[in-house]
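Visitor: Please show me the protein we are to discuss, and then let me ask about it step by step.

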Amino acid sequence: MVSGDVTVSPEEVTVNIDEVNKKPEEVELICPFSYSLLKEIKELQNLHGLKHDDYQRYRQYCTRKLQRLYKGLKFLHGSKRFQNKVITPELFVKDIRYMEIIIMRAERAWSFAMDLKQFANTESRKQVCYSTRYGT
């Protein structure tokens, strides 16, 4: 035999396959807080207008909720001029309400898009042009 050649018996191969098929132990993730996102969103949607397909009412609720979150976190955008504040991952560690800000922004944008889509499907083209021009 030349050095470097390895001979393997069939019994050793089956043992190795059995070792590979073993499930690794589950690793427990440590999270500082838990948040059931889908459940929370569905409850808010049903309570504030989407049960009746009222996207405008839900959008207004999202806007009011955002204002309450901004004020409660002292995350205001300036008094006279708008100053964009960025939400960083370090802020999530401090308080979960920063994540709610991102969720409410997304929900508000989604409800606005759905409101526009619903409006475009229900009104005639002439009424749409009139309403966008004169705001009625």
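The questions below go from the overall fold to single residues.

Guide: This is a predicted model, in which local features need pLDDT of at least 70, side-chain atom pairs count only at pLDDT 80 or more, and totals for chains, interfaces and linings use all residues. Residues are numbered from 1 along each chain as its sequence is written, and side-chain values use heavy atoms, with hydrogens and water left out.

Visitor: Are α2 and α3 parallel or oblique to each other?

Guide: Two packed helices are described by the angle between their axes and the distance between the axes. Axes here are lines fitted to C-alpha atoms, for helices over the stretch in contact, and angles run from 0 to 180 degrees between N-to-C directions. For helix α2 (residues 37-47) and helix α3 (residues 55-73) the angle is about 120°, with the axes 9 Å apart. Since angles under 35 degrees count as roughly parallel, over 145 as roughly antiparallel, 65 to 115 as roughly perpendicular and the rest as oblique, α2 and α3 are oblique.

Visitor: Which residues in α3 do Ile 41, Leu 44, Gln 45 and Leu 47 in α2 meet?

Guide: Contact means heavy atoms within 4.5 Å. By that criterion, the four named residues in α2 meet Arg 57, Tyr 58 and Tyr 61.

Visitor: Is Ser 111 buried or exposed?

Guide: Ser 111 lies in helix α5 (residues 97-122), and, leaving aside neighbours within four places in sequence, Ser 111 is in contact with Tyr 55, Tyr 58 and Arg 59. Buried means under 20% relative accessible area, exposed over 50%, and partly exposed in between (1.4 Å probe, protein chains only). At 0% relative accessibility, Ser 111 therefore counts as buried.

Visitor: Is Lys 74 buried or exposed?

Guide: Lys 74 is placed in the loop between α3 and α4 (89-94), and its phi is near 55°, a positive value in a residue other than glycine. At 70% relative accessibility, Lys 74 counts as exposed.

Visitor: The charged end of which residue sits over the ring of Phe 75?

Guide: A charge sits over a ring if NZ of Lys or CZ of Arg is within 6 Å of the ring centre and within 35 degrees of the ring normal. At 5.8 Å from the centre of the Phe 75 ring, the residue is Lys 85.

Key:
Helix = DSSP H or I, 4+ residues; strand = E, 2+ residues; numbered from the N terminus.
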